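The following briefing concerns one structure and is arranged by topic. Please consult the sequence and the coordinates alongside it.

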Amino acid sequence: SIMSNQFDIVVIGAGPGGYVAAIRAAQLGFKVACIESESYADPKGEVRLGGTCLNVGCIPSKALLQSSELYDQANHAFIMHGIGMENVSMDVTTMVRRKENIVTQLTSGIRGLFKKNKVTLLAGRGSFAGREGDLWQIQVAGKEETQTVLATHVIVATGSRPRHLEGIPVDNRLVCDNAGALSFDAVPKRLGVIGAGVIGLELGSVWKRLGAEVDILEAMPDFLAAADQAVSKEAWKVFTRKQGLNIHLGVKIGKVTAGEQGVAIEYENDAGPQTLECDRLIVSVGRVPNTDGLGCEHIGLELDERGRIKIDAHCRTNLENVWAVGDVVPGPMLAHKGMDEGVMVAELIAGQAGHIDYGTIPWVIYTHPEIAWVGKTEAQLQSEGIAYRAGQIPFAANGRALGQGDTTGFIKMLADARTDRILGVHVIGNNASELIAEAVAAMEFGASAEDIARICHAHPTLSEVMHEAALAVDKRPLHF
Ligand code: FAD
């Protein structure tokens, strides 16, 4: 169209789901706009691209995990290499500034990618205003003015925000969600965390390594219930016994009071009523989809019982030419899942065969050791009555892991007992986040354990543990 306010595709939200959808759609020749409202902590008050992931999620958390890991190694690991260190210190301001610089570099990088691909950025809050012929009317409420744009297709990628507990107001000073917890100005002496999920464990680890006494309160009776049991058992052992994270399971949170002296959390567990006193509290109890103010009721966009936008297997909503991707739809709240959905939708709109295999999306927890898996757990295979063979090899049997002084954990491969097709791979150990990629590729190609067993793996590398795990499925490991 020659009209300046009319687009083939309007994307609402510039997180990983939205910005990737916008770029892919522009590559395919569409006229694309992307609407984003958030400025986060931008010093110039400019709209910030990249969503939760780049600004207050994946990227900043990994930056702090790296800094705190190095500090921890300087204190505890260098000595075994013969490296003497005195007066190791940590300047939290420098650490947080480094993180901010990485975030700024990446968010402005996306601005550059929008320019390069000719994606129009519209700063403001997007909402559905109605229909005009075959087109959707989208209102963009900016800081100064409100405009209406027209779109043939709309991709909703509004993401999620932290769930807050009732009666526990988050001020991001004493009581923090992920945004506050990534920007502490000092190491708290005593840190409380509610929720032992991925975010709670990662952020708890950061501040624990820097010297905080960390207590994590978790409502569920089981630790890391989504992971394979062998992995969660090993993780529990390492996190609690070796690293000294105090994780309390099966906890019922009561009253939380924040005052000048800190935060007091009343809770109950098997042993009766307890109180946890801490200087700061992180609330990481899950995330809620961003659908309010979108005008869903207005146009009849259907949500499920948990407020997520209802979609079919191809991210189509109940409305014509309205699609939804990322954290705002059901499925794992992972950046790479949202990005893949964004690409799929752009390609489907272009008439191509967009496709995602939801069974091969990798999960990663960036603690130390890292945890990563793809496919099914042993418990899932058992409950589905699928006969399987398992091969498990510890990193302690690997020369590279020994050289690195980091031998915790193992790789476990599960393969169909009849066909040998790989059904799941579970890694706990140094670099699990990178190692899992081989398993994902193998599963995408429908590989058998024997396929991995016959692939040449460089020596000495951690990837040899994947090789040995595949050999172990057939009970013929060479080095274990
Ligand atoms: P978001 O990233 O939430 O982006 C949505 C965007 O839409 C936001 O910028 C928002 O401002 C904007 N928006 C919302 N409503 C409107 C509107 N009406 N108009 C205009 N704009 C709007 N995932 C991983 O895969 N790996 C990790 O290591 C990882 N670490 C994480 C660590 C933390 C601390 C947190 C909190 C999350 C982490 N995640 C991680 C999850 C990941 O951040 C999300 O899955 C991902 O950001 C979802 O992408 P999205 O595009 O769907 O939504």
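Which residues are buried in helix 6? They are Val-198, Ile-199, Gly-200, Leu-201, Glu-202, Leu-203, Gly-204, Ser-205, Val-206, Trp-207, Lys-208 and Arg-209, where buried denotes 20 or more other C-beta atoms, placed from the backbone, within 10 Å of the residue's own. The model is predicted: local features need pLDDT of at least 70 and side-chain atom pairs count only at pLDDT 80 or more, whereas totals for chains, interfaces and linings use all residues. Residues are numbered from 1 along each chain as its sequence is written.

**Helix 6**
- Helix 6 (198–209) spans 17 Å between its first and last C-alpha, close to the 16 Å expected at 1.5 Å a residue, the expected span being 1.5 Å times one less than the number of residues; helices are DSSP runs of H or I with at least four residues, and strands are E runs of at least two.
- Because 12 of its 12 residues are buried, helix 6 is largely enclosed by the rest of the structure.
- Its cover includes helix 3 (58–76), strand 9 (190–194) and strand 10 (213–217).
- Gly-211, which follows helix 6, has a positive phi near 115°.

**Ligand shell**
- Among the 38 residues around the ligand, Gly-13, Gly-15, Gly-51, Gly-159 and Gly-326 come nearest; a residue is near if its C-beta atom, placed from the backbone, lies within 6 Å.
- Elements giving two or more residues to this shell include helix 1 (16–27) and helix 9 (335–349).

Conventions. Contact = placed C-beta atoms within 7 Å.
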